[in-house]
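Visitor: Please put the model on the screen, and let us go through it by question and answer.

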Amino acid sequence: MANQNLSNAKNAKNDEFYTQYADIQKEMNAYLDYNPDVFRGKTILLPCDDPEWSNFTKFFAQNFERFGLKKLISTSYAPDSKKYKYGYQPSLFETENPQFDIEKTQTHGKIFILERDKSGDGKIDVEDLEWKYLEGDGDFHSQEVTLLRNEADIIITNPPFSLFREFLAWIMETEKQFSIIGNMNAITYKEVFPLIKDNKMWLGATGNGKDMVFAVPEGAVVNEKDREKAARLGYAGNYTRLGNSCWYTNIEHGRRHQPLPLMTMEENIKFSKHKEIRERGYQQYDNYEAIEVPFTDAIPSDYKDVMGVPISFLDKYCPDQFEIIGATESEGKGFSKGLFDSQSTVTQPLINGDKRYKRLFIKKV
Ligand SMILES: C[S@@+](CC[C@H](N)C(=O)[O-])C[C@H]1O[C@@H](n2cnc3c(N)ncnc32)[C@H](O)[C@@H]1O
């Protein structure tokens, strides 16, 4: 039983984190700043949601007219199918509705659709959401939800963390626009890195690797330090904070077109705020054909060959300024595009035998 509780808690940690309105708003605003018509005439699907109280549904329903949306669809996953059961209670909104079904509420997903002024008050907003039970449990893999994906122009959600790879693959089966929350660590997954390298997906404009706060179900076990950090950010109670969350998207935003202001190599060696650069300059790796640049703000603007930079560089990446050549070897997939010394038995980058962190390899365009 104790073990079961532990593993339940772990699953909850992975899959039952709920996104804050402000985080959604900040990111979507960045897309709108770049292109005010980004959502105009579009059908948006919010899968893996809990539409009755999801901030994704709330945000897009409230802004339906302002964004000029054509249709908003959101779907939820059946409580019985969730890995972690946290004492599910259907909402009053559902139980007071004539179509409420005491069994289906546990075993079926739900679909919420917004596309017309149902209430007749002259505007389309949250009051006009129409809902019904799905045929199945709302699993994104199901044919039912897959058909909704095919109908949509844009897919937006915070998918279950434990199924991130599968979810991304499901999206990439089509050529849709998307914006989804994930973990920075996923950058080096074999399903993720090639998309980033080929500019088919990039980091969003906000919150990357910084403080994103999530609501957690009542009673969920979360790291106390993260709970305290969330409280310090103004979210006390059933909240946690994840320092390595980010948005993955293929929707344009302004940040990715702002080149980083950088100094030349000579200037860095003289004036860098990093002692390591002033004292040691830029060193060659033992096992990769590139130089080590341990800080994004120390990338030399005039270096013409390949540089190894921290993964957090992606938050500042502007494809007009740098090209991503590869990354240090990971998951045995030839990520480094021939830069790796195949005689080396260690895949982490080495300098005089000392291991460094995983790196991205970039080159000036
Ligand atoms: C990280 S939560 C995010 C919820 C919501 N999108 C938000 O951000 O507030 C992921 C949600 O996906 C649901 N889920 C888990 N597995 C799923 C699956 N196979 N298909 C669809 N939804 C799933 C979870 O139960 C949970 O409600």
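Visitor: How many bridges pair strand 2 with strand 6?
Guide: This is a predicted model, in which local features need pLDDT of at least 70 and side-chain atom pairs count only at pLDDT 80 or more, while totals for chains, interfaces and linings use all residues. Residues are numbered from 1 along each chain as its sequence is written. Strands (E, at least two residues) and helices (H or I, at least four) are DSSP runs numbered from the N terminus, and two strands pair if DSSP finds at least two bridges between them. Strand 2 and strand 6 (residues 154-157) are parallel, and the number of bridges in their pairing is two.

Visitor: Why is strand 2 described as largely enclosed by the rest of the structure?
Guide: A residue is buried if 20 or more other C-beta atoms lie within 10 Å of its own, exposed if 12 or fewer, and partly exposed in between, with C-beta atoms placed from the backbone. Strand 2 is largely enclosed because, of its seven residues, the number buried is six.

Visitor: In strand 7, which residue is the bridge partner of isoleucine 156?
Guide: Strand 6 and strand 7 run parallel and are joined by four bridges. Strand 7 (residues 177-183) is mostly covered, with five of its seven residues buried. The bridge partner of isoleucine 156 in strand 7 is serine 179.

Visitor: What is the order of the eight strands in the open sheet?
Guide: The edges of this sheet are strand 5 (130-133) and strand 8 (202-203), each pairing on one side only. The pairing is mixed, and the order is 5-4-3-2-6-7-11-8.

Visitor: Which residue in strand 9 stands opposite tyrosine 18?
Guide: An open sheet of three strands has the order 1-9-10 and antiparallel pairing. Its edge strands are strand 1 and strand 10 (239-242). Two bridges join strand 1 to strand 9 (residues 212-215), and opposite tyrosine 18 stands alanine 215.

Visitor: How many residues are in the largest nonpolar core?
Guide: A nonpolar core is a set of buried Ala, Val, Leu, Ile, Met, Phe, Trp, Tyr and Cys residues joined through C-beta atoms within 7 Å. Ile44, Phe60, Leu72, Phe361 and Ile362 have the most contacts inside the largest one, whose residue count is 74. A second, separate core, with Met212, Phe214, Ala230 and Leu242 among its members, has eight residues. For the largest core, the number is 74.

Visitor: Which residues is valine 126 in contact with, leaving aside its neighbours within four places in sequence?
Guide: Valine 126 is found in the loop between strand 4 (110-114) and strand 5, and is partly exposed, with 14 other C-beta atoms within 10 Å. Its C-alpha atom is separated by 8.6 Å from that of phenylalanine 60, 66 residues apart along the chain. Two residues are in contact if their C-beta atoms, placed from the backbone, lie within 7 Å. For valine 126, leaving aside those neighbours, the contacts are Lys58, Ala61 and Gln62.

Visitor: Which residues around the ligand come nearest?
Guide: A residue is near a molecule if its C-beta atom, placed from the backbone, lies within 6 Å of it. Strand 1 (18-19), strand 2 and helix 3 (55-62) each give two or more residues to the shell. Of the 22 residues around the ligand, those that come nearest are Thr19, Cys48, Tyr77, Asn158 and Pro160.

Visitor: Over which residues is the pLDDT below 50?
Guide: The protein chain averages a pLDDT (the predictor's confidence in each residue, from 0 to 100) of 92, and 96% of the residues score at least 70. Where pLDDT is low, the predicted coordinates should not be read in detail. The stretch below 50 has three contacts beyond near neighbours in sequence, and covers residues 4-9.
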